[in-house]
Amino acid sequence: ASRLFYLISGSLLAYLVPTSSFQSVTLDVPSGSMNIWSHWDGEHYVTLAMGGYLHPPDNVSPAFFPLYPLLLRSFAELLGGPITKEALSVLAPLLSLVFLPFALYFIYYIALDAFDERVAKGTVLILAFFPTTFFLNAAYTESLFLALSAGSLWAIRVRKDLLVACVLAALAAATRNVGVFLVVPLMYEWIKDVERFRWRGIYLLLAPGGLFAYMGYLWVRFGDPLLFYSAQESWGRQATGPLDTASRAWASAVEGAGRLLGHDLWVHPTLSNVANQLAGASNFFNLAFFVFAVVVLLAGVRYLPLSLTVYGLLLVAPATLFGTPGSPLMGTPRYVLVAFPVFIVLALPFKNRLLLGGWLIMSTLMSLALCGLFVSWRFVA
C-alpha cells in the first residue's frame, strides 16, 4: 500500500512541481512516465544494464556495483526485451518493487525475534513511510540491498543458518560496497553461539565474496581493483577525517538551512540557481539525517542487540569519511534508509498507537516534500 501511495503521489508531484532544468542534463526517457523513478543514479544503472562497464576515467560506471544492473538486464531478457533505455527505465523501478516485500518480511521477523509483534509492525510502518522511503520505488539499489542485508541477519539470528547468511551477505556486497560490513555482525553472532555453529565459522569467508569478486573483475578488465572507489573522484568525493567532516558539515548546514524554503528550490529556475539552492538545502538535510540516525542508534544501545547496533552505525559512519568539499555528508538521507536497526529502535517508544500515528503523519508529509524534489529532477541524496 505504501508503494502504491508513492507511485501515485510521485506522478502527481511530477505533474505539479515545475521540472528542474537538471532534466536537460539527464538522459532518462521517455519524459513523464516511469522515468521519474529512473534518473540520477538510476540512469547509471539503466546504462550499465544496457551496455556494461565502460573505460574510466571518462566514464564513472565502475563506481556502481554489478548485481542490480545484472538482475535488471536478466529481468528484461526474461520478459523478452527490448533492451532499450525506455524499457529499462520502466523495468528498473519494478525490479525494486519486487524485492521490497522480502526486505520488509526479513526486517519484521528480526524485530519480532528481538522484541514483540507491536514493535515488529511499528518497525515496518516507520520504514515504509520514512522521509526518504520513495527511494525504495526508484531505480536504485535500496530495495535489493535491504532484502539481501536484512535477509542475511534474519538467516543468522532467526533461522540460525550461517551458510545462508553468508551467501546473502556476499550478494549484498556485490550490490553496494557497505555490504562488506555484514561480516562484523555475522562474526559476532558466530562467536556468541560458537557451540552451535562450531566449524561452520569458515562460511564467514564467503561474506565479503561479492566485493572481492567485483574487485577481481575490475583488476582483470581495467587493471585497478579499487576502481569502484577512485571512480567516485569524478564527483569530487575524497577521503576526509571525521573531525574535518564535522566542521564542514556544520558550517554548510547552517548556511543551507536558510535555503530550505527558498523560492528557487521549487519554481522553474536556471540551472545555476537550482544547483546552489539544492546544495544548500541538501547540506542541512545531510547533517540532520546523520545526527538523527546516530542519536537513535546510541539511544537504543540498551535495548537493541549489539550486533544490530554496530551494523547500523557501520552503515552510517562512512558518510563522515568520503564526502565532497561542497557536500561533506553527501547521500546520508539515503544511506540511513538501509540502516534498518534505526527503525527498530524508533518503534520502541511508538508502541502507543497515538504516538505512532503522529510520527507517521509527520514523516509522510516530509517524505512527500522530498519526493516532490526527486521526481522533478532535483537531487535529494
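This is a predicted model: local features need pLDDT of at least 70, side-chain atom pairs count only at pLDDT 80 or more; totals for chains, interfaces and linings use all residues.

Next comes burial. Ser2, Arg3, Tyr6, Ser9, Gly10 and Leu13 of H1 are buried. Viewed down the axis of H1, the buried residues fall within an arc of 125 degrees, so they line one face of the helix. The cover over these buried residues includes three other helices: H4 (85–114), H5 (117–128) and H17 (353–375).

Now the other side. Leu4 and Tyr15 are exposed, and they sit on the face of H1 turned away from its buried side. Leu4 and Tyr15 also belong to a nonpolar surface patch, together with Ile8, Leu12 and Leu16. The area of that patch is about 620 Å². Leucine 16 lies in H1. Its relative accessible area is 62%; the cut-off for exposed is over 50%, so leucine 16 counts as exposed.

One of the covering helices deserves a stop. Helix H4 holds tyrosine 105. This tyrosine 105 is partly exposed, at a relative accessible area of 42%. Tyrosine 105 and alanine 150 are 45 residues apart in sequence, yet their C-alpha atoms are 8.9 Å apart in space.

Follow the chain out of H1. The loop between H1 and helix H2 (41–51) contains tryptophan 40. Tryptophan 40 is buried, because its relative accessible area of 16% falls under the 20% cut-off. Its backbone needs a check too. Most residues other than glycine have a negative phi. Tryptophan 40 is not a glycine, but its phi is positive, at about 55 degrees. Arginine 198 also has a positive phi, near 50 degrees, and is likewise a residue other than glycine. Arginine 198 is placed in the loop between helix H9 (194–197) and helix H10 (209–222).

Last, the setting. The protein has 17 helices and two strands. Of its 381 residues, 54% count as buried. Among contacts with a separation of 6 or more, 77% join residues 24 or more positions apart. The protein exposes about 16,200 Å², and carbon and sulfur atoms supply 70% of that area.

To sum up H1: its buried residues line one face, and the opposite side carries exposed Leu4 and Tyr15.

Conventions
Residues are numbered from 1 along each chain as its sequence is written. Side-chain values use heavy atoms; hydrogens and water are left out. Buried means under 20% relative accessible area, exposed over 50%, partly exposed in between (1.4 Å probe, protein chains only). Helices (H or I, at least four residues) and strands (E, at least two) are DSSP runs, numbered from the N terminus. The arc is that of the directions from the helix axis to the C-beta atoms. Contact means heavy atoms within 4.5 Å. Accessible areas come from the Shrake-Rupley method with a 1.4 Å probe; for residues, only the protein chains shown count as cover. Patches are made of residues with over 30% relative accessible area and no salt bridge: like charges are joined within 9 Å, nonpolar side chains (Val, Leu, Ile, Met, Phe, Trp, Tyr) within 5 Å. A salt bridge is a side-chain nitrogen of Lys or Arg within 4 Å of a carboxyl oxygen of Asp or Glu.
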